[in-house]
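This briefing is for a reader who is new to the structure shown below. It starts with one question and then goes through the topics in turn.

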Amino acid sequence: MEKLTVELGARSYPILIGDGLIREIGAHVAPLLKRPRTMIVTDSHVADHYLAALGTALAMENISFSSFVLDAGEATKSWAGLARLTEWLIGEGIERRDHVIALGGGVIGDLVGFACSIVKRGCHFIQVPTTLLAQVDSSVGGKTAINVPAGKNLIGAFHQPAMVVIDPTTLETLPRRELGAGYAEVVKYGLIDDADFFAWCETNGAALLAGDSTARAHAIGHSVAAKARIVAADERETQDIRALLNLGHSFGHALEAETGYSDRLLHGEAVAAGMVLAHQFSAANGLCPAADAARVRDHLASVGLPHSLTSAGINTGGAELAAHMAHDKKVRGGKLPLILSRGIGQSFVTDEYGLDAVAAFLDGQRGA
Ligand SMILES: NC(=O)c1ccc[n+]([C@@H]2O[C@H](COP(=O)([O-])OP(=O)(O)OC[C@H]3O[C@@H](n4cnc5c(N)ncnc54)[C@H](O)[C@@H]3O)[C@@H](O)[C@H]2O)c1
Ligand SMILES: [Zn+2]
């Protein structure tokens with residue numbers, strides 16, 4: 001088992017990583033609990049695979065629990081989902097000192113985290129992420145939210161988990177397409193500030209996606225350590241450090257909005273295409289070598305991820321796509337900070353480029 005720490009003073013917490021960890025989770029969770037009782041929240045897909053194993057592991061440590069199974073899918077991260085969950089928690093007699101276990105992907109993690117930030121003015125939660133995206137990104141850092149009709153993740157709170165327990169073997173049941181989407185966020189850490197890790201991805205990404213457990217362990221450990229470091233340095237995104245995690249996300253956001261946040265384009269798939277666009281935009285503006293932008297595109301293409309507007313299934317004008325970006329919640333004073341690149345592993349934040357420049361660039365990418 002590997003153990004990392006997210007260093008946030010009094011709110012620091014451990015990240016435990018190890019194959020089979022779900023089956024021994026009771027022993028790790030027990031020391032946190034003020035009474036031997038917890039509540040598990042999961043979705044219908046994950047429940048089928050892992051709820052029984054998690055329950056057995058808790059029972060082995062004499063921890064009693066009840067469980068709540070929500071519908072799988074992004075629609076659960078909504079006011080309705082939040083209402084059902086918070087009312088269930090209160091009906092179960094939750095106390096402020098209790099810990100809720102979020103077992104699932106980013107949808108469950110974000111929803112449970114937000115519910116636990118408001119129930120009884122705040123209780124504890126433990127993340128047990130079961131998608132690659134959640135294991136390398138969403139389970140760490142305390143961003144929690146639901147979606148509302150006006151946009152994704154617009155209602156939420158910062159609320160850090162008490163512990164993150166990552167069992168990489170859970171990825172063996174994850175659909176290949178979801179694994180690929182999560183892999184885009186792995187590649188992101190290389191592109192942000194770690195050229196050596198990007199090179200590692202070029203060599204080992206295909207093996208990881210084919211199920212190689214050694215490559216999987218390295219990618220998860222390395223990515224989550226990067227996330228923990230960035231969160232510790234800039235917990236609330238008040239400097240330009242945590243913002244770097246949005247590499248590919250402003251362009252990707254436009255593509256997701258254009259496809260209606262549907263399964264036509266998964267979040268990670270949009271981020272993959274978005275990271276290519278960010279590098280190509282950087283190259284077009286003389287910031288980044290064209291060869292580096294091509295390397296990003298070629299690697300993502302080689303593992304079957306979207307790497308252009310066309311491969312993302314988009315054939316929309318640049319102005320329309322840029323208009324989606326104007327609604328981004330990161331807009332400040334009418335300007336959208338963009339994460340651009342000076343080369344592989346050299347990302348930076350700038351608000352020097354207006355949406356008109358982005359629109360013209362995207363127009364040029366149409367059909368590419
Ligand atoms: N809080 C953050 O910092 C942060 C960061 C990135 C993304 N997010 C959020 O995360 C969400 C996306 O998360 P996601 O990609 O994990 O999606 P998800 O939670 O919807 O999971 C994807 C699908 O895989 C299924 N699944 C999960 N684990 C499985 C397993 N081990 N085996 C089989 N099926 C499994 C789920 O039931 C679901 O159908 C979005 O709402 C996004 O906004 C949050
Ligand atoms: Zn993302």
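Which side chains meet in a salt bridge at 3.9 Å, N to O? They are those of Asp19 and Arg216; a salt bridge is a side-chain nitrogen of Lys or Arg within 4 Å of a carboxyl oxygen of Asp or Glu. This is a predicted model, in which local features need pLDDT of at least 70 and side-chain atom pairs count only at pLDDT 80 or more, while totals for chains, interfaces and linings use all residues. Residues are numbered from 1 along each chain as its sequence is written, chains are lettered from A and ligands numbered from 1 in the order in which they are written, and side-chain values use heavy atoms, with hydrogens and water left out.

**Overall build**

- The chain has 13 helices and 11 strands, where helices (H or I, at least four residues) and strands (E, at least two) are DSSP runs numbered from the N terminus.
- The chain is as compact as a globular protein of its length, because its radius of gyration of 20 Å is close to the 21 Å that the globule rule gives for 368 residues. The radius is taken over C-alpha atoms, and the rule is 2.2 Å times the number of residues to the power 0.38.
- Along the principal axes, the C-alpha atoms fill a box of roughly 60 × 40 × 35 Å.
- Of the 368 residues, 59% count as buried. Buried means under 20% relative accessible area, exposed means over 50%, and partly exposed lies in between (1.4 Å probe, protein chains only).
- Of the contacts between residues at least 6 apart in sequence, 74% join residues at least 24 apart; a contact means heavy atoms within 4.5 Å.

**Surface and charge**

- The accessible surface of the chain is about 14300 Å², and 51% of it belongs to carbon and sulfur atoms. Accessible areas come from the Shrake-Rupley method with a 1.4 Å probe; for residues, only the protein chains shown count as cover.
- There are 31 positive and 40 negative side chains, and the centres of the two sets are 6 Å apart. Lys and Arg count as positive and Asp and Glu as negative, without His and the chain ends; the place of a charge is NZ of Lys, CZ of Arg, CG of Asp or CD of Glu.

**Salt bridges**

- The count of salt bridges comes to 17.
- The pair of Asp19 and Arg216 links distant parts of the chain, 197 residues apart. Asp19 is in the loop between strand S2 (13-17) and helix H1 (25-29), and Arg216 is in helix H8 (residues 213-233).
- Arg216 is buried, with a relative accessible area of 5%.
- Glu269 forms a salt bridge with Arg177, with the closest N and O atoms 2.7 Å apart. Glu269 lies in helix H10 (residues 267-284) and Arg177 in helix H6 (residues 176-193), so the pair ties together parts that are 92 residues apart in sequence.
- Glu269 counts as buried at 8% relative accessibility, whereas Arg177 is partly exposed at 38%.
- Arg297 and Asp298 also meet in a salt bridge, at 3.1 Å from N to O. Both are partly exposed: Arg297 has 31% relative accessibility and Asp298 has 43%.
- Salt bridges with shared partners join Arg35, Glu95, Arg97 and Asp98 into one network.

- Val41 is in strand S3 (residues 37-43) and counts as buried at 0% relative accessibility.
- Leaving aside neighbours within four places in sequence, Val41 is in contact with residues including Phe68, Leu70, Trp88, Val100 and Ile108.
- Val41 and Ser67 are 26 residues apart in sequence, and their C-alpha atoms are 5.7 Å apart in space.
- Val119 is in the loop between helix H4 (106-118) and strand S6 (124-129), and is buried at a relative accessible area of 3%.
- Beyond its neighbours within four places in sequence, Val119 is in contact with Thr86, Leu89, Ile90 and Ile94.

**Backbone angles**

- Most residues other than glycine have a negative phi.
- Asn62 is not a glycine, yet has a positive phi of about 60°. Asn62 is in the loop between helix H2 (44-60) and strand S4 (64-70) and counts as exposed at 64% relative accessibility.
- Tyr261, also not a glycine, has a positive phi of about 50°. Tyr261 is found in the loop between helix H9 (249-258) and H10 and is partly exposed at 31% relative accessibility.
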